[in-house]
Amino acid sequence: MSELTSNRIRATAGKLGLPHLAEALNQYIQRADEAKMGYLELIDLVLAEELAVRDDRRFRNGLRLSKLPHHKTLEDYDFSFQPDLDPRKVKDLATLSFVEDKANVALLGPPGVGKTHLAVALAVAACRVGYSIYFTSLDDMVRHLKAAEDQGRLMSKLTSYLRPAVLVVDEVGYQPLERAEANLVFQVISKRYEKGSIILTSNKTFSEWGQVFGDEVLATAILDRLLHHCEVVSINGNSYRLKNRLQAIERETDVA
């Protein structure tokens with residue numbers, strides 16, 4: 001292939017939004033020659049790799065915009081440290097059928113047992129297959145909604161929590177809310193009802209949510225919509241953070 005033809009193909013690939021083809025053209029030609037590929041085989045290879053590059057770019061961009069605190073996966077989770085947690089249930093959730101059904105997941109348990117890790121891992125899995133995701137703590141969400149309400153742009157801010165296919169709401173119950181704040185949470189839950197999935201983590205049982213939201217009736221209304229289509233995963237084991245701290249202390253003691 002002449003240099004003129006190569007340059008023309010690269011320019012056309014760039015205009016078509018196929019940057020990988022433009023960059024790897026010579027590699028494709030070499031691979032095709034070595035494997036004695038037919039025309040259709042070469043086209044199939046080019047399109048498959050371009051799609052893979054595009055999917056990876058979309059995935060990385062989705063993670064960047066998601067506000068996730070980290071990108072841990074289920075493979076990073078130590079199920080052996082939580083023997084009461086059935087890994088099959090979590091792996092079933094990782095099939096993402098709940099996202100397809102616009103259902104919810106509630107991860108309940110004391111601090112440090114890995115609730116946020118699992119929530120993030122499910123969100124990462126959803127992002128990998130093309131779902132939009134967004135992460136927030138409950139306190140941050142309420143704070144931003146209150147500020148938007150004060151500035152007269154509540155509906156605009158609500159949209160940022162309604163748009164993603166998967167909304168992760170972390171740390172429900174760590175701080176009690178006033179009734180006006182709880183009402184903002186209710187708006188998010190009710191507007192997402194059967195329209196998008198929520199993954200939440202909480203250190204409170206559902207019977208304690210009346211105290212969290214400062215109003216039993218409002219808490220019941222939130223739970224009614226949240227739990228109608230919801231998988232509940234309770235984790236009642238030991239704290240990973242305490243485990244790591246104790247191991248660090250033991251190492252320091254051994255050195256001393």
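Predicted model: local features only at pLDDT ≥ 70, side-chain atom pairs only at ≥ 80, totals over all residues.

Residues are numbered from 1 along each chain as its sequence is written, and side-chain values use heavy atoms, leaving out hydrogens and water.

**Exercise 1. Describe how helix 3 and helix 6 meet.**

Step 1: Find the two elements. Helix 3 covers residues 39–66 and helix 6 covers residues 115–128; helices here are DSSP runs (H or I, at least four residues), numbered from the N terminus.

Step 2: Look at the axes. They come within 9 Å and cross at roughly 140°, where axes are lines fitted to C-alpha atoms over the stretch in contact and angles run from 0 to 180 degrees between N-to-C directions.

Step 3: Pick out the residues in contact (heavy atoms within 4.5 Å). Helix 3 brings Arg58, Phe59, Gly62 and Leu63, and helix 6 brings Val124, Cys127 and Arg128.

Step 4: Sort them. The contact has 4 nonpolar, 1 polar and 2 charged residues; Val, Leu, Phe and Cys are among those that count as nonpolar, Asp, Glu, Lys and Arg count as charged, and Gly is among the polar ones.

**Exercise 2. Work out where the salt bridge partners Arg143 and Asp140 sit.**

Step 1: Start with the general idea. Side chains of opposite charge can pair when their charged atoms come close. A salt bridge is a side-chain nitrogen of Lys or Arg within 4 Å of a carboxyl oxygen of Asp or Glu, and the whole structure has 6 salt bridges.

Step 2: Check the distance. The closest N and O atoms of Arg143 and Asp140 are 2.7 Å apart.

Step 3: Check exposure (buried under 20% relative accessible area, exposed over 50%, partly exposed in between, with a 1.4 Å probe and protein chains only). Arg143 is partly exposed at 48%, and Asp140 is partly exposed at 31%.

**Exercise 3. Which parts does the salt bridge of Lys146 and Glu181 tie together?**

Step 1: Their side chains meet at 3.0 Å, N to O.

Step 2: Lys146 lies in helix 7 and Glu181 in helix 9 (residues 179–192), so the pair links parts that are 35 residues apart in sequence.

Step 3: Lys146 is partly exposed at 33%, whereas Glu181 is buried at 13%.

Notes
Helix = DSSP H or I, 4+ residues; strand = E, 2+ residues; numbered from the N terminus.
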